[in-house]
Amino acid sequence: MFRRKRGNRRQNQGRHLITQLNPRSPISEQYRTIRTNIEFSSIDEPIQLIVVTSSGPSEGKSLTVANLAVVYAQQGKKVLLIDADLRKPTVHYTFRLDNLRGLSNILVQETRIEEVVSKSGVDNLDVISSGPIPPNPSEILGSRRMKKLTDQAREMYDVILIDTPPVNVVTDAQILSNIADGSILVIRSEKTEIEDAKKAVEALESAKAKILGTILNDLDKSSSTNYYYYYGQN
Ligand SMILES: Nc1ncnc2c1ncn2[C@@H]1O[C@H](COP(=O)(O)OP(=O)(O)OP(=O)(O)O)[C@@H](O)[C@H]1O
Ligand SMILES: [Mg+2]
């Protein structure tokens, strides 16, 4: 059975994005480096639709994907962030949206994309929050309507980023990575077990996902001072 620690509502409501609040900080610079690495990871076939996932819960998928969406938008790209974690969605907390309508509405009732897209408050960044939580997320995420939605989004946006549940827990991220141009695996320092990370890579590979790389989240700054200085500030 699907089970994850219940989200702390207050904690979720206070989610902040460093790339939005402090674009010149060294951490924001790290997100820009990740953006550049994604761009360089595939020269011949541009990466437009990107899934961000991790092996288990609370490794930083949602925080990472939201910050990546902001740095892409800051670059002047037209960006769409989709919350496809239909089990424990958080994008609406991050961007302070009501989430009355969202992805699940498009997938269940064939709502038009324009009706569920919200402004994020960041220039160039639109958001589709999860919408009401459906009883059968894997089934609707694997539906033809999901594919149709992403095809439509490809016409409207330069970059589409998708937040997902953990890949070792449910199949949703595998399903989505199959239709994406690339997938990114978030690994949380001192939390993610190496065996779990390997299992996640195998799961993505079995879904024929193109794994663009991994992001090491939450690395202890004191042990990586040089790394931070190396990238410096703008
Ligand atoms: N690098 C970090 N530094 C500080 N806090 C972090 C960091 N990464 C994640 N967190 C915190 O850890 C919690 C989980 O992060 P997040 O929601 O991004 O993870 P997730 O992988 O999306 O979780 P879930 O599996 O529940 O969807 C959040 O409270 C977030 O603010
Ligand atoms: Mg999340």
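In which sense do strands E2 and E4 pair, and over how many bridges? The close-ups below begin with that pairing, in what is a predicted model.

**View 1. Strand E4 and its partner E2.** Strand E2, residues 79-83, runs alongside E4 in the parallel sense, and the two are joined over four bridges. To find your way along the pair, look for Leu80, which stands opposite Asp126 in E4.

**View 2. Strand E4 and its partner E3.** Here E4 meets strand E3, residues 118-119, and this pairing is antiparallel, over two bridges. Asp126 turns up again, now as the bridge partner of Lys119. Five residues sit between the strands of this E3 and E4 hairpin, and Gly121 takes a positive phi near 95 degrees there.

**View 3. The side chains of strand E4.** In a regular strand, side chains alternate between the two faces of the sheet. Along residues 125-128, Leu125 and Val127 point one way, while Asp126 and Ile128 point the other way. All of these residues are buried.

**View 4. The crossing of helices H3 and H4.** The axes of H3 (residues 26-41) and H4 (residues 61-74) come within 9 Å and cross at roughly 80 degrees. The two helices are therefore roughly perpendicular to each other. On the H3 side, the residues that meet H4 include Tyr31, Ile34 and Ile38. Those of H4 include Leu63, Leu68, Val71 and Tyr72. Sorted by class, the contact has seven nonpolar, four polar and three charged residues.

**View 5. Two salt bridges that involve helix H9.** The structure holds 10 salt bridges, and this view shows one between Asp151 and Lys147, whose closest N and O atoms are 3.0 Å apart. Both residues lie in H9 (residues 144-156), four residues apart, which is about one turn of the helix. Asp151 is partly exposed, at 32% relative accessible area, and Lys147 is partly exposed too, at 39%. Also in view is the salt bridge of Asp181 with Arg154, with closest N and O atoms 2.9 Å apart. That pair links distant parts of the chain: Arg154 belongs to H9, whereas Asp181 sits in the loop between helix H10 (172-179) and strand E6 (182-188), 27 residues apart. Arg154 is partly exposed, with a relative accessible area of 23%.

View 6. Glu195 and Lys198 form a salt bridge, and their closest N and O atoms are 3.7 Å apart. Both belong to H11 (residues 194-206), with a spacing of three residues, about one turn of the helix. Lys198 counts as partly exposed, at 44% relative accessibility.

Key:
Residues numbered from 1 in each chain as written. Chains lettered and ligands numbered in written order. Predicted model: local features only at pLDDT ≥ 70, side-chain atom pairs only at ≥ 80, totals over all residues. Heavy atoms only, no water. Axes fitted to C-alpha atoms, helices over the stretch in contact; angles between N-to-C directions. Parallel < 35°, antiparallel > 145°, perpendicular 65-115°, else oblique. Contact = heavy atoms within 4.5 Å. Nonpolar A, V, L, I, M, F, W, Y, C, P; charged D, E, K, R; others polar. Buried < 20%, exposed > 50% of the residue type's maximum accessible area, 1.4 Å probe, protein only. Pairing = 2+ DSSP bridges. Salt bridge = Lys/Arg side-chain N within 4 Å of Asp/Glu carboxyl O.
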